[in-house]
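Subject: The two-chain model, with notes

Hi there,

Here is the model I promised to pass along. Have a look at it first, and then read on for my notes.

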Amino acid sequence: MRRPVRLWVIGVVVVAALGLRSAGAQPAAAATTVVYAGTLNASCYRAAPTVCKLEVAPYQVATLFGIRLEALQLQANGHAIWDFRTDVSNPPAGLYAPSPVALDFGAVCGRIYEVRLLADDTSQDDLTLVAQTGMVVCPQGRAEVYVPLVTR
Amino acid sequence: MKHRGGLVLVGLVIVGLVVFASAWLTREEADAAATGFASPINGGCYIAAPSQCRLHVDPFTININDGAGARLMHFTLYANGQPIYAFQTDVSNPPNYDYTPSPVALDFAARCGESYAINLVAQDTTDANPLNYGQTGIFTCPAAVP
């Protein structure tokens with residue numbers, strides 16, 4: 001008599017545990033994959049008479065509990081300008097602030113850019129948009145600086 | 001007499017097994033203790049100017065086996081298996097603590113449009129050989145300035 005009761009109790013516990021596990025997994029899978037923290041701000045400046053650069057201000061991304069950051073990508077007008085991958089065996093969890101690049105990003109003087117940040121984490125298969133700037137207008141290049149040299 | 005000889009033989013076999021097992025277990029512990037590690041190696045590639053791409057690695061910390069009195073000897077960053085940054089510590093007073101290298105000023109040269117993976121190989125005084133301490137996923141350098 002005792003044995004069937006014990007088996008029944010074990011069965012109930014296992015079913016309850018499986019139910020709790022699946023219920024707990026659902027919100028994580030359904031929730032927004034990467035939570036963006038802070039803002040994405042960018043600017044364009046003239047670094048030389050005909051050279052312009054895009055500068056993206058420091059920013060942070062945050063992943064939900066139990067999820068890890070796998071990749072980031074910055075795009076300007078839909079084209080990748082920075083592709084970033086995290087450690088394969090120990091990707092960061094929680095808040096992450098990528099360090100600024102040393103030389104900023106190449107841009108074309110006089111052109112208008114929209115900068116986007118995409119992110120990928122362990123809960124999804126691909127990069128998704130997490131933030132974007134307004135239109136950034138690069139200063140006009142001063143090509144006339146070189147004109148006298150050409151006409152000489 | 002024969003019986004006593006058999007007992008001695010069995011005793012020797014047991015002693016041999018115990019010594020072998022002890023040596024084996026000790027070797028396993030030494031190997032495990034000698035392994036250092038690093039904080040995650042995260043990095044990527046960006047386009048800095050037309051036809052000029054750069055690899056950028058976020059700051060990282062090399063965790064040496066300081067519990068065993070280890071000291072960091074050297075480390076190297078590799079991109080696709082090719083060294084891009086070789087670092088040597090002081091020969092007479094190498095660091096005996098977790099070490100965070102300062103970032104380089106101009107990042108690392110790269111080819112636009114090419115895919116890379118970056119890994120960190122380091123060795124402290126308890127490592128018999130240089131070990132892989134961390135590695136990024138594969139990323140692709142942008143092809144052109146948009």
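Chain B holds 1 helix and 11 strands (helices are DSSP runs of H or I with at least four residues, strands are runs of E with at least two, and both are numbered from the N terminus). Of the 146 residues in chain B, 29% are buried; buried means 20 or more other C-beta atoms within 10 Å of the residue's own, exposed means 12 or fewer, and partly exposed is in between, with C-beta atoms placed from the backbone. Among contacts in chain B with a separation of 6 or more, 64% link residues 24 or more positions apart (a contact means that the C-beta atoms, placed from the backbone, lie within 7 Å).

Before you go further, please keep in mind that this is a predicted model: local features need pLDDT of at least 70 and side-chain atom pairs count only at pLDDT 80 or more, while totals for chains, interfaces and linings use all residues. Residues are numbered from 1 along each chain as its sequence is written, and chains are lettered from A and ligands numbered from 1 in the order in which they are written.

**Where the chains meet**

On the A side, 28 residues are in contact with 31 residues of chain B. The elements of chain A that give two or more residues to this side are β5 (69–76), β6 (79–85) and β8 (105–107). β6(A) provides the largest share, 7 residues. By type, the residues on the chain A side divide into 17 nonpolar, 6 polar and 5 charged. Here Ala, Val, Leu, Ile, Met, Phe, Trp, Tyr, Cys and Pro count as nonpolar, Asp, Glu, Lys and Arg as charged, and the others, Gly among them, as polar.

Strands count as paired if DSSP finds at least two bridges between them. Within this pairing, Phe84(A) stands opposite Gly44(B) in β2(B).

**A sheet in chain A**

Chain A has an open sheet of 3 strands in the order β2-β3-β8, with antiparallel pairing. β2 (42–48) and β8 of chain A are its edges; each has a single partner strand, so one side of each has no neighbour in the sheet. From one strand to the next, the twist averages 40 degrees (the axes are lines fitted to C-alpha atoms, for helices over the stretch in contact, and angles run from 0 to 180 degrees between N-to-C directions). Strand β3 (residues 51–56) of chain A is joined to β8(A) by 3 bridges, and Leu54(A) stands opposite Phe105(A) in β8(A).

**Residues to look up**

Asp104(A) lies in the loop between β7 (95–96) and β8 of chain A. Asp104(A) has a positive phi of about 55 degrees although it is not a glycine, and it is buried, with 20 other C-beta atoms within 10 Å.

Ser51(B) also has a positive phi, about 60 degrees, and is not a glycine. Ser51(B) sits in the loop between β2 and β3 (52–57) of chain B and is partly exposed, with 13 other C-beta atoms within 10 Å.

Val121(B) is in strand β9 (residues 118–124) of chain B. Leaving aside neighbours within four places in sequence, Val121(B) has contacts that include Phe75(B), Tyr78(B), Pro130(B) and Tyr133(B).

Best wishes

Conventions. Two residues are in contact if their C-beta atoms, placed from the backbone, lie within 7 Å.
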